[in-house]
Protein chains: 2
Amino acid sequence: MADTNPPPNEHAPPEGPSKSELKKRAKAAEKEKKAAEKAAKQAELAEKQAEAEVDFAKESYGPLPLHQSQSRPRKPRAQIASLSSRDGETVLFRARVHASRAQGNKMVFLNLRQRTDSVQALVMVSPEKISKQMVKWAASLADESIVLVEGVVKKTPEPIKSASVEDVEVLVIQIHLISGVERRLPFTVDDANRPDADIDAEGAQFNRVLLDTRLNNRVIDLRTQTNQAIFRLQSAIGDLFRDYLSSNGFIEIHSPKLQGAATESGASVFKVNYFKGHAFLAQSPQLAKQMAIAADFERVYEIGPVFRAEDSNTHRHLTEFMGLDLEMAIEEHYHEVVELLDGLFISIFRGLKEKYKKEIDVVNKQFPADEFKWREGDEGTLKLTFRQALDLLVEDGVPREELDDINTENEKRLGRIVKAKYDTDYFIIDKFPIELRPFYTMPDPEDPTLTNSYDFFMRGEEILSGAQRIHDQKVLAEKMIAKGVDPESMTGYMDAFRLGCPPHGGGGIGLERVLMLFLKLNNIRRASLFPRDPKRLEP
Amino acid sequence: MADTNPPPNEHAPPEGPSKSELKKRAKAAEKEKKAAEKAAKQAELAEKQAEAEVDFAKESYGPLPLHQSQSRPRKPRAQIASLSSRDGETVLFRARVHASRAQGNKMVFLNLRQRTDSVQALVMVSPEKISKQMVKWAASLADESIVLVEGVVKKTPEPIKSASVEDVEVLVIQIHLISGVERRLPFTVDDANRPDADIDAEGAQFNRVLLDTRLNNRVIDLRTQTNQAIFRLQSAIGDLFRDYLSSNGFIEIHSPKLQGAATESGASVFKVNYFKGHAFLAQSPQLAKQMAIAADFERVYEIGPVFRAEDSNTHRHLTEFMGLDLEMAIEEHYHEVVELLDGLFISIFRGLKEKYKKEIDVVNKQFPADEFKWREGDEGTLKLTFRQALDLLVEDGVPREELDDINTENEKRLGRIVKAKYDTDYFIIDKFPIELRPFYTMPDPEDPTLTNSYDFFMRGEEILSGAQRIHDQKVLAEKMIAKGVDPESMTGYMDAFRLGCPPHGGGGIGLERVLMLFLKLNNIRRASLFPRDPKRLEP
């Protein structure tokens, strides 16, 4: 390659430098000095880092320093789930000590865990490699400690039943403590992962971990295989919800949870101190998403917290839950919305079944349940009118005079009747009576005692409530007054309709309910990471 | 085809029916009668529906009934954007009357709008088809009314400058009012869509619509092309954020916004009446996402509202905004987190530029801005230490004694210096001094006055703040006490670390800030659907 650097200036005039030139040189020298200092400091740092690496290599056990960021050797870390295929390789990985068992003072078996996977590791005295002290130290590690392990993967003659990776174990070369455990475990992860039936069968051998104890110690409860799977499924439902709606022309909106007035139904709204005045927490994005339709967004969805100040401690109510909400303009008929929502649910059910079988199976071990059933193809989803649903209950023996509304008990009964008669865990009820629905619900054009509204059910429990909404401000104002709401208290909302709004409808889904009912978890608190109810604000 | 029906039973025994048989028959007859009645009713309904369809076909103009759900002819509806390619076809579509202009009493021009698209439509007297009354009625339609139009698409000899679809117009056959306008428009959508520069150039001809007026009438303000594009871009940023993190092993979590104690920093937290006690609105999902890491979820993100009770009315603060938060376990060094976050931002910038050029161009018309610039390839994103950032400011003339922190003004100045020197609108500052960061921030292992923490900047404004967190409960408790926080007030959080927690780090992004700065909207309220600040809780 040709030298492209300019040649040194050999022909410079022999005069002395000027004053300004001297100043310039001094500045340059200073800059150079600073750069040299910086380089020296960097070299020192690099040396320190190298030392830290050497230290780690030299010492084969013991705690790591707090920061763990002094050096960055960029050594690849292994996943326990992948070890089966790595016989003979030396691997490095971070894991929890799930359990340990010493055999004499020369050997200790560790069960090491990453999320839903585990493997057996062996620390064994060996001349010049593993000292007695190291084995003793490894045996002293508390369950749930986090360690960094280097070891050789080795096929085992017999499957190791206690680990999820059964065909290999790890012969430890180095083991370091990343994070220790500094309080007594309230329960073991194994006990928290056990199905109730096993505990009943084995009598006093295992401890039943009560829901309240779990929730008080939620961080360790969440480490069970079951919970790792439940919250992966919760995340999956959100993805499936968004994917379906995006591909159907919806955009995501974010509406404020802080409201100036206690809207929708004042009774169950939380009041907030807002500077020198007050605000209220939104019960749902209902008003905002309707306003987005009046603002021409056509099809919108929102995933966000909704707040309900109802003092009820049932298996299916939370004071804060995740609402999956959507709203869309209607072209001809509100059944366009019902059909879209039905397509959405079927896409969620199918997506879970096809892509998350492993997680569903893991949850089923602790919470046994019949597989969730829905109808597809020509037959399609079962749709009943509210009247037909009442008839089914009356046929089944419920006195008609008890059926102004369908209460929780009768909802479940209806679920059982439908399951027996139609073999489905999922169905729709259409055409609710007007007195059961909020003021903004569009009346049925054929029968003013009914509405263009619907609920969706899973295993006999409501998971979605929705309707066509009134888009005419005069009719809306009438209905508000009839239900005791002052239109003047909701000017922003009313204005949206005064400025022209297309016919529209939508619905709100409770994320935790869908998750609870799909998996049959029996209590909604199990479907919420850190649940909130009238008695629980912690952790 | 062979007849597979069974032959009629001609050989039945001639005996009379039993009593129970009679009862059965009576029941069956009743059932039959009911079914017949039902069928008759359905037939009647179908007839009514058919009539409604006929009505619509018969009457070529006038308002549609409220429900618009009596019939469902399933006629396809057109999108204005597609009309260019449909010359000669008869189309049906719903649109807003953007503007109208009568020519004599025989013709009216309508400018019809769907979101960011518009087309010209012509209602013209024609024997036996379009009456004078119909033209008069069409001319009386208020701007922003919603109509259902049937018409024939026809190529125009000259481009129609006032519409986005310039090469065709629609000759109206039928036109019906879906939703009228019942108050005076506070401003026109055209005025709201105009760049300030145009208004200044044209003097008094156009009305400048002030931000407060817009926000007070947000539903109509949101109908501008600019706002339709802004909120499509907001939705896109969320999608790009999730896609990148999903493909990097993250799951989505939802943490409660209602907290039992005023955590993080008590001063700026909203207090909520919670049954007989109190709760507080979460300032961020910081504590919950760290607890999710202690619960072994490894990599988590959350998109949710965050609440700040700071009484400041700046261009970049809201009391409620959308936090894009993430947290991840660290293997070797916290720069793993910095690199992931950097990859995330570049993926967002690239995604917007590649897939949403149309929307960005629409916004630029009203808010002219230099294209957002970032560095890629070998060069990579500019990373400065906090000290280097200060040096740049000092070199630029800021007295060093003013630089304990970088205030908003100096942040912007730094943005300008960096842009001039490095030609980028996006950069990272690493290693903030310990006194500027919250108690949970991990100190720098080399220099205890610094931390393993970083901010990300766009056009000289902070859009992300993050750090490695302290995962050791003893060190954490010390730092809390040093910052005046009582560890006992945060038992659930402290417990997470007592039970073993891996090293971890993360960050929180303000969605509205990213949107505002990418598009240079100059005020964060323009990037929020229904913004909230100390003085605004409506609409």
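Let me start with a pair of phenylalanines: B:Phe427 has B:Phe457, in S15 of chain B, as its bridge partner. The strands behind that pair are S14 (residues 426–430) and S15 (residues 453–458) of chain B, which run antiparallel and are joined by five bridges. Helices and strands here are DSSP runs numbered from the N terminus, with at least four residues (H or I) for a helix and at least two (E) for a strand; two strands pair if DSSP finds at least two bridges between them.

Some housekeeping before we go on. This is a predicted model, so please keep the cut-offs in mind: local features need pLDDT of at least 70, side-chain atom pairs count only at pLDDT 80 or more, and totals for chains, interfaces and linings use all residues. Residues are numbered from 1 along each chain as its sequence is written, chains are lettered from A and ligands numbered from 1 in the order in which they are written, and side-chain values use heavy atoms, with hydrogens and water left out.

Back to the sheet. In chain B, eight strands make an open sheet with mixed pairing, in the order S7-S11-S12-S17-S16-S15-S14-S13. Strand S7 (251–252) and strand S13 (382–385) of chain B are at the edges with a single partner strand each, so one side of each has no neighbour in the sheet.

Now, how are the two chains related?

On to the interface itself. With contact meaning heavy atoms within 4.5 Å, 120 residues of chain B touch 120 residues of chain A. The buried area, meaning the accessible area (1.4 Å probe) lost on putting the two parts together and summed over both, is about 10,300 Å², and carbon and sulfur atoms give 55% of that. B:His254, B:Glu332 and B:Leu499 supply 8% of what chain B buries against chain A, more than any other three residues.

For charges, the rule takes a side-chain nitrogen of Lys or Arg within 4 Å of a carboxyl oxygen of Asp or Glu. That gives 16 salt bridges across the interface of chain B and chain A, and one of them pairs B:Asp296 with A:Arg113 at 3.1 Å, N to O. Helix H7 (residues 225–246) of chain B brings nine residues, the largest share of the side of chain B that touches chain A.

Over all chains, the search finds 80 salt bridges. A:Asp221 and A:Arg218 form one at 2.8 Å, N to O; these residues are three apart in helix H6 (residues 218–221) of chain A, and therefore about one helical turn from each other.

Most residues other than glycine have a negative phi, and most peptide bonds are trans. A:Glu128, which is not a glycine, has a positive phi of about 70°, and this residue sits in the loop between strand S4 (117–124) and helix H2 (132–139) of chain A. The bond joining A:Glu538 and A:Pro539 is cis, with omega about -10°, and A:Pro539 belongs to the segment after helix H15 (511–519) of chain A. In chain B, the peptide bond from B:Glu538 to B:Pro539 is cis as well, with omega near -10°.
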